[in-house]
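The sequence and model go here.

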Amino acid sequence: MNPRPWRDAWWDALYGPDGFYRRDEGPAGHFTTSAHGGLGAVLADVVGRLADEAGVCRVVDLACGRGELLTHLHSIRPDLELVGVDVVERPPSLPTSVDWLRSPGGSAVPDELHDLDALVLAHEWLDVVPCTIAEVDADGVLREVLVDEAGTETLGGELAEPDRAWADSWWPATEAGERVEIGLGRDLAWRDLLSRNRTGTTIAVDYGHTKATRPTEGSLTAYREGVLTNPVPDGQRDLTAHVATDSLGADEVVTQRDLFHRLGLTATTPDHASASTDPLGYVRALGRTSTIAALTDPHGLGGFHWAVTRHTRGHA
Ligand SMILES: C[S@@+](CC[C@H](N)C(=O)[O-])C[C@H]1O[C@@H](n2cnc3c(N)ncnc32)[C@H](O)[C@@H]1O
């Protein structure tokens, strides 16, 4: 196939008829996120608390994989109404009380999502919303990067509007070889999601960067069966690029570590004296402490960005 813009090749590779995210094994077959296993139980606790803070009893998990986080939420917070949204049919393992919506994928969300009064969470969604990729050529001109099926890149024409204006405002690049992952499509996808929620809170959680921390060589990469690999748009691997969270225009962007600390979740070692009086409780508490330590590690998951917008009725 002829080289074409990364954005288009990326979309087909993840969401086309044979796209990576339509595969039976789901994302958890290829990589682990904070929604899985023991981490997911603590994340679910946080999401439940944020729903309470927002005064809503419904949680919509957009881009929920196979509903791993919702399954945790269902067991610890059976009082909440839960809705999962992803690009596949409802997973058979999902608890029956959890609602499910099928989505087109990428920047598009289902029409059925509107007038929500909910905590809407998009955990590791925006990093898989395909974006335009540009690179500064030897003459200092920012050009669109094209890619073929084998992953070989070439430079196309000069970056056009409105991507160009986005780059000028949010990610100016002038040195030959510098790359820019244009966040405009993600900003618009986020705004669309916001417009679906009436009251409550909308949150996007992702690897993020801001003007001070842009990855000047770009961050586009791929995962396959747990291994970091070359970005090739072949439908066999995940394709992901970190998110410019400052351009989203959220009410606030806070690190996962700071947010968890604000909610009182710190990795405090339990009192050793309780090991003899309540050994099982002590072991459980130790496990929770190490899980919170992993989720708040400033050099790991704790560095994730939480982009948060709180809604008041009638105002997106
Ligand atoms: C990196 S995985 C994250 C899964 C889960 N949220 C987690 O953290 O484990 C990205 C997921 O986003 C889904 N996705 C991408 N675009 C979507 C969209 N517009 N609507 C619903 N799901 C989407 C993919 O199908 C995939 O399951």
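Which helix gives the largest share of the lining of the second largest pocket? I found that helix α1 (residues 6-15) does, with three residues. The model is predicted, so I noted that local features need pLDDT of at least 70 and side-chain atom pairs pLDDT 80 or more, while totals for chains, interfaces and linings use all residues. Residues are numbered from 1 along each chain as its sequence is written, and side-chain values use heavy atoms, without hydrogens and water.

For pockets I used a 1 Å grid over the protein atoms alone: a pocket is an open set of points where a 1.4 Å probe fits, with protein on both sides within 12 Å along at least five of seven lines, and lining residues have an atom within 4 Å of a point. A volume is the space filled by probe spheres set on the points, which are joined across faces, edges and corners. Helices (H or I, at least four residues) and strands (E, at least two) are DSSP runs, numbered from the N terminus.

The second largest pocket holds about 180 Å³. I listed 15 lining residues, with R4, D12, A13, E149 and P233 closest to its centre. Its lining has six nonpolar, three polar and six charged residues (Ala, Val, Leu, Ile, Met, Phe, Trp, Tyr, Cys and Pro count as nonpolar, Asp, Glu, Lys and Arg as charged, the others, Gly among them, as polar).

The largest pocket has a volume of about 300 Å³. Among its 15 lining residues, F31, T32, E124, Y207 and Y223 lie nearest the centre. I read its classes as six nonpolar, six polar and three charged.
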